[in-house]
Amino acid sequence: MDHQRAQDLLSDYLDGELSDESISELEQHLESCDECQSELESLGDTLSVLKGLKPADPSPDFLQQVTKKVRRRSKSAFDFNFGLDRKIPFEAVSMILLGILLALYLILVVLPKEQVDPAAPTSTRPDAGAPMKPVPPGSGSQTMTP
Ligand SMILES: [Zn+2]
């Protein structure tokens, strides 16, 4: 495989869209070409950053996916780099993200439920009993003298 062809295939390679044959040809070229190796590296960095910045699609299982991912990352972070402070920002960001998601969940799911809930008793209002006060029936007729 020539250099130009390899360059063209690098992003497909990262996306896993290449055939096994193309992969082995590309990897053969990568072993001998420093330029393609560094290109692949920077492409990979860009892709992972882009994927990280992708706006969150609030699908029903999104929170589960994030939780799973965070747990997996946390596990590996603690397995291999326990106490290493460069891992802390990711953990902090994850907790903040989870907090935001939880707040969104509460706003979107719990709040509408409360609005529909007919738990607004009118009897607790102080002025609700006022019209019930009976008017003395004789007061009007007594003043009427023929
Ligand atoms: Zn090359």
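# Close-up views of a helical chain

**View A. Leu14 is partly exposed, with 15 other C-beta atoms within 10 Å.** On the scale used here, a residue is buried if 20 or more other C-beta atoms lie within 10 Å of its own, exposed if 12 or fewer, and partly exposed in between, with C-beta atoms placed from the backbone. The structure shown is a predicted model, in which local features need pLDDT of at least 70 and side-chain atom pairs count only at pLDDT 80 or more, while totals for chains, interfaces and linings use all residues. Residues are numbered from 1 along each chain as its sequence is written. Leu14 has its place in helix α1, where helices (H or I, at least four residues) and strands (E, at least two) are DSSP runs, numbered from the N terminus. Leaving aside neighbours within four places in sequence, Leu14 is in contact with Leu43, Gly44 and Leu47; two residues are in contact if their C-beta atoms, placed from the backbone, lie within 7 Å. Leu14 and Leu40 are 26 residues apart along the chain, and their C-alpha atoms are separated by 8.1 Å.

**View B. The whole protein chain has six helices and zero strands.** Read from the N terminus on, its elements run α-α-α-α-α-α. Of the 146 residues of the protein chain, 5% count as buried. Among contacts in the protein chain with a separation of 6 or more, 56% are between residues 24 or more positions apart.

**View C. The largest nonpolar core has seven residues, namely Ala6, Leu9, Leu10, Tyr13, Leu26, Cys36 and Leu40.** A nonpolar core is a set of buried Ala, Val, Leu, Ile, Met, Phe, Trp, Tyr and Cys residues joined through C-beta atoms within 7 Å. At least two residues of this core come from each of α1 (3-15) and α3 (34-53), and α1 gives the most, with four residues. As general background, nonpolar side chains tend to be buried together in soluble globular proteins. For Ala6, not counting residues up to four places away in sequence, the residues touched are Met1, Leu26, His29, Cys33 and Cys36.

View D. Beyond its neighbours within four places in sequence, Tyr13 is in contact with Leu18, Ile23 and Leu26. From C-alpha to C-alpha, Tyr13 and Glu27 are 9.6 Å apart in space, although they are 14 residues apart in sequence.

**View E. The axes of α1 and α3 come within 10 Å and cross at roughly 25°.** Because angles under 35 degrees count as roughly parallel, over 145 as roughly antiparallel, 65 to 115 as roughly perpendicular and the rest as oblique, α1 is roughly parallel to α3. Axes are lines fitted to C-alpha atoms, for helices over the stretch in contact, and angles run from 0 to 180 degrees between N-to-C directions. The crossing of α1 and α3 is right-handed; a crossing is left-handed if the near helix is turned anticlockwise from the far one by less than a right angle, and right-handed if clockwise. On the α1 side, His3, Ala6, Gln7, Leu10, Ser11 and Leu14 take part, and they meet Cys36, Glu39, Leu40, Leu43, Gly44 and Leu47 in α3. In α3 itself, the count of buried residues among its 20 residues is two, and the helix is hardly covered.

**View F. Helices α1 and α2 (residues 20-32) pack at an angle of about 120°, with their axes 11 Å apart.** That angle makes α1 oblique to α2. The contact is made by Ala6, Leu9 and Tyr13 of α1 and by Ser22, Ile23, Leu26 and His29 of α2. The crossing of α1 and α2 is left-handed.

**View G. Leu63 and Val70 are both found in helix α4, which covers residues 62-80.** Leu63 is partly exposed, with 17 other C-beta atoms within 10 Å, and Val70 is partly exposed as well, with 18 other C-beta atoms within 10 Å. Not counting residues up to four places away in sequence, Leu63 touches Leu101 and Tyr105. The C-alpha atoms of Leu63 and Leu101 are separated by 7.1 Å, although the two residues are 38 residues apart along the chain. For Val70 and Glu91, which are 21 residues apart along the chain, the C-alpha atoms are separated by 7.9 Å.
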